[in-house]
Amino acid sequence: MLWIKNVTVIDPGQGVSGVNDVLVQKDKIVEVGPSFKAKEVLVKLGVTDINEVNQIDGDGKYLFPGLIDVHVHLREPGQEDKEDIASGSRAAIRGGFTSIMAMANTFPIVDQRAVVEFIKLQARRAGMARVYPISAVTKGFKGQELVEMMDIKDGGAVGFSDDGKGIQNAEIMRLALEYVKLTGCPIISHCEDEALASKGVMRRGRTSARLGLPGIPASSESVMVARDILLAAETGGKLHIAHVSTKESVEMIRWAKGKGIDLSAEVNPHHLIFTDEDITLTDTSYKVNPPLPSREDQEALLEGIIDGTIDMLATDHAPHTWEEKARPFQEAPFGINGLETSLAAVWQKLVQSGKLTPEKLVECWSLNPAQRFGIEGGTLKPGSLADMVLFDPLYKEEISTEAMESKSGNTPFLKKELQGFPVITWVEGRMLMKNRKII
Amino acid sequence: MEGTPKNKIMDKDGIRRAVSRISHEIVEKNKGTKDLILIGIRTRGVPLAERIREKILEIEDINLPLGLLDITLYRDDLSTIGVQPVVHETKVPFSIEGKTVILIDDVLFTGRTVRAALDALIDLGRPQKIQLAVLVDRGHRELPIRADYVGKNVPTSSKEIISVCLEEIDNNEEVILLEKSKENNSI
Amino acid sequence: MKWKPKDLLDLDNLTTEEIEHILQTAKPMREILSRPIKKLPTLRGKSVVLLFYESSTRTRTSFESAAKILGADTTNFTVAQSSITKGESLLDTAKTIQAMNVDLVVVRHSSSGAADFLADTLKASVINGGDGQHAHPTQALLDLFTIQERIGDIKGKKVVIVGDIIHSRVARSNAIGLQKMGADVTLVGPPTLLPTEMSYLGIKLSHDLDKELPGADVVMALRLQLERQQSGLFPSIREYSKLYGLSVDRIKKTGKQTIVMHPGPMNRGVEIASDLADSVQSVIEKQVTNGVAIRMALIYLLIGGGTGNVVD
């Protein structure tokens, strides 16, 4: 039994945006409405003693439906030194995410029902954020044979992706988009032409030329976005474009949506916050794939979010050990650790500066992901699961590996202070994080 | 070299006379100018060497070969000093093999500069003899080195500094004794 | 002035004054190279590690000679002889070197940023002996020294650098150094090897060598990695040579007694014709000698004295 008072509820799912009280009974939302009286609360919750109700003062804070991250790498099975399902789902809770979608590039790769079920089991054991497995599209990420999509879907996968690697063969991609219709799930496309990307380690441009680092041209992503859009149009398969990072991609997605093609797209916070110009030779935490965009691209990405071309924010949480990142820039692996810093970073850099409204943030990070992938959450409508985040816009924290739940610390925010953090996270009515600590 | 002036040791004429006397002594001691080579130690040994060459030209009508030696790379205190000494070129465009080298410097103090200069010279070849000429010998030797020709012996305390100014470098011509005001790192 | 640098990673973080000081210090070093006995006691007891992840006999030998002439001890860590091939990370190799209390590490590595990485990790001084496509500062300094030696003040001189610019650390460091010294630099190469992003340097880019030659005081050819032809970066050696190869005839177009440079090793008949490489206009051998002098100067400046005031 929970009564959150005077909290600014942001829930685009039911068009609520303002100071309200929220009532929760067991794992469900009971009601969201303007300042209830104690008597009303007793009636609504069906209890006789107000002491049975946990009352929380939400004054000055926001309440969001639990954030949903459609793109995380939990590294289990196989690379538990970087992260595992328990640590990753704890990190999610600490970062305000109540549901996360785990990518398939583990060892072994998630290309069979057994691995999907293993992930679900491990997530249940951890008892933190809900974890939805994403299956590979092709066996072993080889880009040749499709996985048993129906069996895997029945095992619990909510989407298919060879993320980490683009599907180079257009015919295989076309077949995947055809066959996936059986499942009703989307194909999540990691758009990268390997020949164009070649040995590149950052976006090709003036900065890569200056640093003497091999560049990845923007076209490496954009040509594949164009290809996949045309294939989705032709097949009618459901398509989701992962980590969009170029202005050309945004323009093509806008065009495709205008044509009524069934596609959605996500952007990573780091692509909205950093550009290629931030890269230095000695800080490998900026090394990420797709690479940090140009300033022009970054503007187009934000514009895409604002006008609805881009549907979602997603962290692409990619933990790597300190040893792996403590290498020369060219040799370090790609990836930024995002679950515990992304909400604060987006809040501080984009919401506080007025570029993004809190409503848009919740729409992109909770409502749209739930709807697109057909998973629970995304709203605080009465009867919904009580996945909620109490967010304090004034809370300041210096990012440190000691405080982080993730096993890895590969974030450019390390030792920097951010402002605006979740202070309580509930999953299905259970309080799992309070005052920045997992309970 | 910072310090408070105490008294003048030599003036322009004094320096001129000292150089003149050293030049005569060099010729006399070596019984002429055969196989003689003059080498000035940078910085103030160089103009002194030039003056000695002129004087010898005047008295013997012989223009002796003149070289300049930079001893920076031979210093024994490079790893302990906090400063970065500038390295200059050594110019000895002739062979010193079997010659009598007159090494010329302004002040003889601890002997370390001369030690470095001897090492530097020997790296250039094997002279028959090396002799040392200095304008001022102020004592306080830390190495077994003595000068063959001395302009003036000046007893000093370790708190004092000898400052030699020469027209060619300092636009001034004098030797003065200063009271040391802070540590200095030159040898 | 003060001498502050602990490391030499590239020329972009050196002031013009510091570059001039290096070039100035190389002059007495050059004199030492012409002596019959090339050995100084200056750095006696100092140790220099040559950490070479790319085989480069000429650069390694040049550094090794420089260090030895100054009296330092040198230790080679090269690919074939150490744990580098056993997959030890650069970090662990660095820590091993640290534990040996060395004074200076010269590193050559195929990854851009490897020298910066080491400098960040080590207490010892680091000289970048070439990292990936990023920088080759000692080559650029020896080129500046050679130009100065041959034609005097670099300021206002027209320098044309021709070849595979995008992949060349030599071109990058030279462009930066020459600009700092006031030269008028033009980069020339085919669009595949001189893409538009090289405009970051803020200097003239051109695809037409013959148009850029008139008035050039210095023309520098870069080594062409012949395997780049297989990656499609240029159609054939024949065509490359026709468009961008230097020869005695072509160099006449400068209308001057232009000097011709090449960082070596040369592909004779590709980027430079033998007649030109062996002509009086060529300073290629001088570059090699001056390379030792410049490296002596750098080693002296980095580990020879303190990092305080420069005193005369």
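A salt bridge is a side-chain nitrogen of Lys or Arg within 4 Å of a carboxyl oxygen of Asp or Glu. In this predicted model, A:Asp84 and A:Lys407 form such a pair, with their closest N and O atoms 3.0 Å apart. Between domain 1 of chain A and domain 2 of chain A, 5 salt bridges are counted.

The domain assignment places residues 2–63 and 383–438 of chain A in domain 1, and residues 67–373 in domain 2. The C-alpha centres of the two domains lie 27 Å apart. Domain 1 of chain A contributes 40 residues to the contact, and domain 2 of chain A contributes 45 residues.

The size of an interface is often given as the accessible area lost when the parts come together. Between domain 1 and domain 2 of chain A, the buried area is about 3400 Å², and carbon and sulfur atoms give 59% of this area. Of the area that domain 1 buries against domain 2, 19% is supplied by A:Lys407, A:Asn410 and A:Pro412, more than by any other three residues.

Polar contacts also link the domains of chain A: 22 residue pairs are counted between domain 1 and domain 2, with both residues at pLDDT 80 or more. On the side of domain 1 that touches domain 2, strands S16 (388–398), S17 (417–427) and S18 (430–434) of chain A each supply at least two residues. The largest share of this side, 9 residues, comes from S17(A). By residue class, the side of domain 1 that touches domain 2 divides into 21 nonpolar, 10 polar and 9 charged residues.

Technical notes:
Residues are numbered from 1 along each chain as its sequence is written. Chains are lettered from A and ligands numbered from 1 in the order in which they are written. This is a predicted model: local features need pLDDT of at least 70, side-chain atom pairs count only at pLDDT 80 or more; totals for chains, interfaces and linings use all residues. Side-chain values use heavy atoms; hydrogens and water are left out. Domain bounds come from an automatic or database domain assignment. Contact means heavy atoms within 4.5 Å. Buried area is the accessible area (1.4 Å probe) that two parts lose on being put together, summed over both. A polar contact is a pair of N or O atoms within 3.5 Å; within protein, one must be able to donate a hydrogen and the other to accept it, and residues adjacent in sequence count only if both atoms are side-chain atoms. Helices (H or I, at least four residues) and strands (E, at least two) are DSSP runs, numbered from the N terminus. Ala, Val, Leu, Ile, Met, Phe, Trp, Tyr, Cys and Pro count as nonpolar, Asp, Glu, Lys and Arg as charged, and the others, Gly among them, as polar.
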